[in-house]
Amino acid sequence: MPMDEGFDRVLVVDFGAQYAQLIARRVRQAHVYSVIVPRDVTADQVRSASPVGIILSGGPASVYAEDAYEIDPAILDLGVPILGICYGHQVLASALGGDVARVEVAEYGRTELEIAPESVLFAELPGHQEVWMSHRDAVVKAPPGFTVTASTAVSPVAAMEDLERKMCGVQFHPEVAHTPRGQEVLQRFLYEVCGAKPTWTHVGIIEQAVSWIREAAPAGRVICGLSGGVDSAVAAALVHRAIGDRLTCVFVDHGLLRQGEADQVEAAFRATLDIDLIHVRAADRFLSALTGVTDPEEKRKIIGETFIRVFEDVAADVDDAKYLVQGTLYPDIIESGTKDAAKIKSHHNVGGLPDDMDFELVEPLRDLFKDEVRAIGEELGLPPDIVWRQPFPGPGLAVRIIGEVTRERLEILRRADTIILEEIRRAGLYREIWQAFGVLPAIKTVGVQGDIRTYAYPLIVRAVTSEDAMTADWARLPHDLLERISSRIINEVEGINRVAYDISSKPPATIEWE
């Protein structure tokens, strides 16, 4: 990992919780570096990582089930402070001699918590507070050596502490916004129990990244794939700060961009960053490679490989540059499938990369979430239009056309997408929404326009709110805004006769359709 050296770190053991990534982000928001590790992490692996603390996440299983997830018991003997959350709380209790049982009444949602007078985690917090619960099993007897520090009407051991061994557990979820004082509880664990130093700051991250980049690319030319989004822009700015004019940025117009985007990106970066920029127009090359392709994974891999081939062609004319900078983020790594996580989809810059490429990758943002990247972009002085630009997938509109990508479908989707963003901006919601875009399925539906039967494409509008793209909720757009979007698209975009709104959250859906 390029940027974790020199910072205290906390390991988040993922027991299959929907909130594992959120826990990691909350730890980072307390200015302590965190990394997610799989539930089968061994004591030797933990020891080699030298963490100042371990957090056991929640999970969907029961600790007494035959296939229950367990922790390597040797981890408990390492002397590293541990906090168990929900299922992690139960795992900790069960492993150390406590009792876990199914309670008669489940606790889901807001719950009143009663705090014991003596507690490190709840010091200086109210004796009664609201927390968010999500469980059917509960710790009914704390392990030997533990003090019960909180309870509810259903959970007799809603929190427990053994300060001699620096182990704590909470049945509720401190990481979610529905637990108003949860971040303070996490910070008490990090600072008071673990003794972690809050040094994971934007300035510290930038300094560490610059140092790492200089080691990763000590000499020679470096190419950066610039898309116009915040990820590649921040990566380019960091690399430029580290190596100066040894960097050449390459913007590839693959023909899958939004309306007028290629010219906008080139103009913005030439005006903002004093960086050598090459604009490659390769629409025919990409569209030819995508002819007849309908499978989304195949699309992503074709686009990923074609990007690399274009960069290789450019490198041959740039003193044979051997380093390629990418704006890969932590969520890209997780979703593309690793030893630690199941594959959701192959990101074109991760799972879509060919095995035989000629470059050494430089990925300075690989350990970061999107909100951290934006904060670093602001610290580096990038303009707001770049920092707060809504995410746009590297494969572009190819993964927003469900089916074969054709020039006709691209033009239809471009025009519809332009209307969506125009209306979102006009409503003053652009910064509040994580992403808003259109999806064009390669099917046709019957409609009536001007008393004439039509047979045209439907257009799905997708808008979500999120903090890091790991989870997302569908945006509750005003009905009058949806009406304007629908009316304009049907009236102004030839080839569309129906508009629908996607009200799926992530999970179970993903943000993009492919």
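**Figure 1. The salt bridge between Asp162 and Arg165 in the predicted model.** The side chains of Asp162 and Arg165 meet here, with 2.7 Å from N to O. The two partners can be compared by their accessibility. Asp162 has a relative accessible area of 6%, so this residue counts as buried. Arg165 is partly exposed, at 35% relative accessibility.

**Figure 2. Lys166 and its positive phi.** Lys166 sits in the loop that runs between strand E8 (159-162) and strand E9 (167-170). Its phi is about 55°, a positive value, although Lys166 is not a glycine. Most residues other than glycine have a negative phi. The relative accessible area of Lys166 is 39%, so this residue is partly exposed.

**Figure 3. The salt bridge between Glu261 and Arg389.** The closest N and O atoms of this pair are 1.8 Å apart. Glu261 belongs to helix H7 (residues 261-272), while Arg389 belongs to the loop between helix H12 (384-387) and strand E15 (401-402). Is Glu261 buried or exposed? Glu261 counts as buried, with a relative accessibility of 4%. Arg389 is buried as well, its relative accessible area being 13%.

**Figure 4. A network of salt bridges.** Seen here are Glu422, Glu423, Arg426, Asp480, Arg484, Arg488 and Glu492. Salt bridges that share partners join these residues into one network. For the whole model, the count of salt bridges comes to 27.

**Figure 5. The salt bridge between Arg110 and Glu130.** The closest N and O atoms of Arg110 and Glu130 are 3.5 Å apart. Which strands hold the two partners? Arg110 is in strand E5 (residues 99-115) and Glu130 is in strand E6 (residues 128-141), so the pair ties together parts that are 20 residues apart in sequence. Arg110 is exposed, with a relative accessible area of 52%. Glu130 is partly exposed, with a value of 35%.

**Figure 6. Asp417, a buried residue without a salt bridge.** Asp417 is part of helix H13 (residues 407-426). Which side chain of opposite charge is nearest to Asp417, and how far away is that side chain? The nearest is Arg400, at 4.2 Å. Arg400 is still among the contacts of Asp417. Leaving aside neighbours within four places in sequence, the contacts of Asp417 are Arg258, Arg400, Phe437 and Gly438.

Figure 7. Helix H1 (20-29) is mostly covered, as nine of its ten residues are buried. The buried residues are Ala20, Gln21, Leu22, Ile23, Ala24, Arg25, Arg26, Val27 and Arg28. His31 is a residue other than glycine. The place of His31 is the loop between H1 and strand E2 (33-38). His31 has a relative accessible area of 33%, so this residue is partly exposed.

**Figure 8. Val32 and its surroundings.** Val32 is found in the loop between H1 and E2. The relative accessible area of Val32 is 0%, and therefore Val32 is buried. Not counting residues up to four places away in sequence, Val32 touches Asp8, Val10, Val27, Leu190, Tyr191, Ala196, Lys197 and Trp200. Ile401 is 369 residues from Val32 along the chain, and the C-alpha atoms of the two are separated by 40 Å.

**Figure 9. The crossing of helices H5 and H6.** Two packed helices are described by the angle between their axes and the distance between the axes. Here the axes of H5 (residues 202-216) and H6 (residues 230-243) come within 9 Å and cross at roughly 65°. The crossing is right-handed. On the H5 side, the contact is made by Ile206, Ala209, Val210, Ile213 and Arg214. On the H6 side, the contact is made by Leu238, Val239, Arg241, Ala242 and Ile243. How many of these residues are nonpolar, polar and charged? Eight are nonpolar, none is polar and two are charged.

Terms used:
Residues numbered from 1 in each chain as written. Predicted model: local features only at pLDDT ≥ 70, side-chain atom pairs only at ≥ 80, totals over all residues. Heavy atoms only, no water. Axes fitted to C-alpha atoms, helices over the stretch in contact; angles between N-to-C directions. Helix = DSSP H or I, 4+ residues; strand = E, 2+ residues; numbered from the N terminus. Left-handed = near helix turned anticlockwise from the far one by under 90°. Contact = heavy atoms within 4.5 Å. Nonpolar A, V, L, I, M, F, W, Y, C, P; charged D, E, K, R; others polar. Buried < 20%, exposed > 50% of the residue type's maximum accessible area, 1.4 Å probe, protein only. Lys, Arg positive; Asp, Glu negative; His and termini not counted. Salt bridge = Lys/Arg side-chain N within 4 Å of Asp/Glu carboxyl O.
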